[in-house]
Amino acid sequence: MTTAKPEADTLRNRKKARTKAAIQREALRLFAEQGYEATTVEEIADAVEVSRATFFRYFPAKADLVLHDIGDLTVLAALDGLPTDGDPVDRLREAITGLYDTAPEAGWTQNERRERLLRTVPELRARVPGHMAQAIPMLGEALARRYGRPTDDVEVLALSGAIVGVAIAVWTAGADDVAEGFIRRHLALLDAGLGRLRTGLAP
């Protein structure tokens, strides 16, 4: 029996990632032009030149197009590239800030389209907190790997839960803000919230 070479697996994974990103990119463009409700799965599939079946292999439902955030994995990859000394939360803040400071204009535009939909479409808005909570195990695995701890270490569990909890609280508090510049305001509030994990509530 033959097995796939690592190089072939890597190429396939990259192709899948490109296809998934292209589907989301075209969907967000169509949502911005036509509206979320008015845009059909068929229109999105046609725009990317994939079949309906291929679309559903990547996204089980139209809502998942907006909920999916490629930035989750990107932040963790950036975190892995930073030194392991210093406070873990400060390193995470550094990873997030560094990514957004270097992001191209197209990335800002796509993220703004996505966030605007999450904040203004009731179906999507209701699902955001639960969707964000799903990042806790993924962040826990990254922290455990980074600091040589088991994934069920109570400190790893507490820290990953606290970080995602801050993210959920900050998003919920600012969910009505869709005015110009709201993404940067959200990032500033998130950074401040994460900073409070070290200092606690100011007197």
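Arg149 and Glu155 form a salt bridge, with their closest N and O atoms 3.1 Å apart. The term stands for a side-chain nitrogen of Lys or Arg within 4 Å of a carboxyl oxygen of Asp or Glu. Arg149 is partly exposed, at 36% relative accessibility. Glu155 is exposed, with a relative accessible area of 51%. Here exposed means over 50% relative accessible area, buried under 20%, and partly exposed in between (1.4 Å probe, protein chains only). Other salt bridges share partners: Asp69, Arg114, Glu115 and Arg119 are joined in this way into one network.

The model is predicted; local features need pLDDT of at least 70, side-chain atom pairs count only at pLDDT 80 or more, and totals for chains, interfaces and linings use all residues. Residues are numbered from 1 along each chain as its sequence is written, and side-chain values use heavy atoms, leaving out hydrogens and water.

In total, the structure holds 17 salt bridges. One of them pairs the side chains of Glu42 and Arg52, at 2.1 Å from N to O. Glu42 belongs to helix H2 (residues 41–48) and Arg52 to helix H3 (residues 52–58), so this pair ties together parts 10 residues apart in sequence. Helices are DSSP runs (H or I, at least four residues), numbered from the N terminus. Glu42 is partly exposed at 39%. Arg52 is partly exposed too, at 43%.

Now look at Asp191 and Arg93. Their salt bridge has its closest N and O atoms 2.9 Å apart. It links distant parts of the chain: Asp191 sits in helix H12 (residues 182–199) and Arg93 in helix H6 (residues 88–102), 98 residues apart. Asp191 is partly exposed, with a relative accessible area of 27%. Arg93 also counts as partly exposed, at 22%.

Definitions and conventions. Helix = DSSP H or I, 4+ residues; strand = E, 2+ residues; numbered from the N terminus.
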